[in-house]
Amino acid sequence: MVTDKKITFTIGERELSASLVENAATEVLAERLETGPITIEMNDYGGWEKVGSFGFSLPASNEQMTVQPCDFVLYQGNQLVIFYGSNSWSYTPLGRIDGVESAELKQILGSGDVTFTISLAGD
């Protein structure tokens, strides 16, 4: 279930709005973001996703799922994964990036390492 909570991913000069789903992981994430933005170093993985460590753990409630481009999830309790392709695995859903398509997201994310800053929308 998608909540009315929004976050912003900032990659360079580009800002992407994202909607959070409702679960324990997103509640804790939103609480952490209330104290300020989080910066994550993201790396390519598998040709369909970017992965990076939060540097802290969130409560996991993994479920087998097929993710689509623009979905983002929690992996192994402490890693953010943002998809620009599809994959099936056991993840904790976190949300979905709003208003972009797969090809545009892949272009924004680029190839290689990238730094993301995550903040509560409006901050």
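1. Starting with the lining of the largest pocket: by class it has seven nonpolar, two polar and one charged residues (Ala, Val, Leu, Ile, Met, Phe, Trp, Tyr, Cys and Pro count as nonpolar, Asp, Glu, Lys and Arg as charged, the others, Gly among them, as polar). Mind that this is a predicted model, where local features need pLDDT of at least 70 and side-chain atom pairs 80 or more, while totals for chains, interfaces and linings use all residues. Numbering runs from 1 along each chain as its sequence is written, and side-chain values use heavy atoms, with hydrogens and water left out.

2. Among the lining residues are Tyr-45, Trp-48, Glu-49 and Tyr-91. The elements giving two or more residues are β4 (49-53), β7 (79-83) and β8 (87-97), and β8 gives the most, with three (strands are DSSP runs of E, at least two residues, numbered from the N terminus).

3. On to the rings: the structure holds five aromatic pairs (ring centres of Phe, Tyr or Trp, the latter by its six-membered ring, within 6.5 Å; planes under 30 degrees apart are stacked, over 60 edge-to-face, the rest tilted). Phe-9 and Phe-72 sit edge-to-face, 5.1 Å centre to centre with 90° between the planes. That pair links strand β1 (residues 2-11) to strand β6 (residues 71-75), its members being 63 residues apart.

4. Phe-9 counts as buried because its relative accessibility is 0% (buried is under 20% relative accessible area, exposed over 50%, partly exposed in between, with a 1.4 Å probe and protein chains only). Phe-72, at 1%, is buried too. Phe-9, Phe-72 and Phe-116 make one aromatic cluster.

Notes
On a 1 Å grid over the protein atoms alone, a cavity is a set of points where a 1.4 Å probe fits but cannot get out, and a pocket is an open set with protein on both sides within 12 Å along at least five of seven lines; lining residues have an atom within 4 Å of a point. Helices (H or I, at least four residues) and strands (E, at least two) are DSSP runs, numbered from the N terminus.
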